[in-house]
Amino acid sequence: MRDELVARLTNAPVVPLVGTDDADVAVKTADALAAGGLSVIEVVLRSDNAQAGMEAILERCDDVIVGAGTVLTLDQAKAVHQAGAQFIVCPGLVDEIAEYCLAEDVPIYPGTMTAGEVQRAYALGLREVKFFPASLAGGVPMLKALGSVFREMRFMPTGGVSAANLSEFLALDSVIACGGSWLTPKDAVASGDFAAITRLAEEAVSIAATARS
């Protein structure tokens, strides 16, 4: 799974965030994103029934890699892993979650925003981390600085990333992919305008292709 995840992020280095209490809506959103060329999806656990949406996508969507985001505790990490999550994303760096994922060979992207946090992740054995919240943590200039020091580390900036600045982040060699909720706007999801979500995904794929060419 790790090799397939890396391959897909190399081809389309954008990870959309999906968050809804409705499993059917989660599936339709995932299908719309996949139709636009984005087949690695992070389901954020920010509501009581979000995990049900993740499980529905895993069961009903073909050829989509699904991870769990906003994982806050070790118990949550264990629960989503057992439910089928193919990668885990955290807003911060928690040693016991990172150690569990390393032991279970589950790709994990813990949130970091300082050199100290990145160095701690490196010491734990991680080589890929989330950079969050990207825009508030210094954006592209901060990532350039971190990348020059931690040459083996790769980052997934999330938080404040949009179609307007996606190419700037993806132009950095240290960025493996960008995550973002701009691809699944709440109004489009609420109104069932899944065609709009597909168009946003297609736009992101096009931007990424140009940035990485």
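This is a predicted model: local features need pLDDT of at least 70, side-chain atom pairs count only at pLDDT 80 or more; totals for chains, interfaces and linings use all residues.
1. Largest pocket, size and centre. The largest pocket holds about 300 Å³ of space. Its lining is made up of 13 residues, and the closest to the centre are Val-18, Gly-19, Val-44, Thr-184 and Lys-186. Two elements, strand 1 (14-18) and helix 9 (186-191), each give two or more residues to this lining.

2. By residue class, the lining has six polar, five nonpolar and two charged members. Lys-186, one of the residues closest to the centre, counts as charged because Lys is placed in that class. Gly-19, also in the group closest to the centre, counts as polar because Gly is placed with the polar residues.

3. Leu-93 sits in the loop that runs between strand 4 (88-89) and helix 5 (95-104). Its relative accessibility is 21%, so Leu-93 is classed as partly exposed; the buried class is kept for values under 20%.

4. Leu-93, contacts. Beyond its neighbours within four places in sequence, Leu-93 is in contact with Ala-98, Pro-110, Gly-111, Glu-117, Arg-120, Ala-121, Leu-124 and Leu-126.

5. Cis peptide bond. The bond between Phe-132 and Pro-133 is cis, with omega about -15°. Pro-133 belongs to the loop between strand 7 (128-131) and helix 7 (139-149). For context, most peptide bonds are trans.

6. Thr-70. This residue is not a glycine, yet the phi of Thr-70 is positive, near 55°. Most residues other than glycine have a negative phi. Thr-70 is located in the loop between strand 3 (65-69) and helix 4 (74-82). With a relative accessible area of 16%, Thr-70 is buried, because the limit for that class is under 20%.

7. Asp-105. A positive phi also occurs at Asp-105, at about 60°, and this residue is not a glycine either. Asp-105 is in the loop between helix 5 and strand 5 (108-109). Its relative accessibility is 53%, so Asp-105 counts as exposed; that class begins over 50%.

How values were computed:
Residues are numbered from 1 along each chain as its sequence is written. Side-chain values use heavy atoms; hydrogens and water are left out. On a 1 Å grid over the protein atoms alone, a cavity is a set of points where a 1.4 Å probe fits but cannot get out, and a pocket is an open set with protein on both sides within 12 Å along at least five of seven lines; lining residues have an atom within 4 Å of a point. Grid points are joined across faces, edges and corners, and a volume is the space filled by probe spheres set on the points. Helices (H or I, at least four residues) and strands (E, at least two) are DSSP runs, numbered from the N terminus. Buried means under 20% relative accessible area, exposed over 50%, partly exposed in between (1.4 Å probe, protein chains only). Contact means heavy atoms within 4.5 Å.
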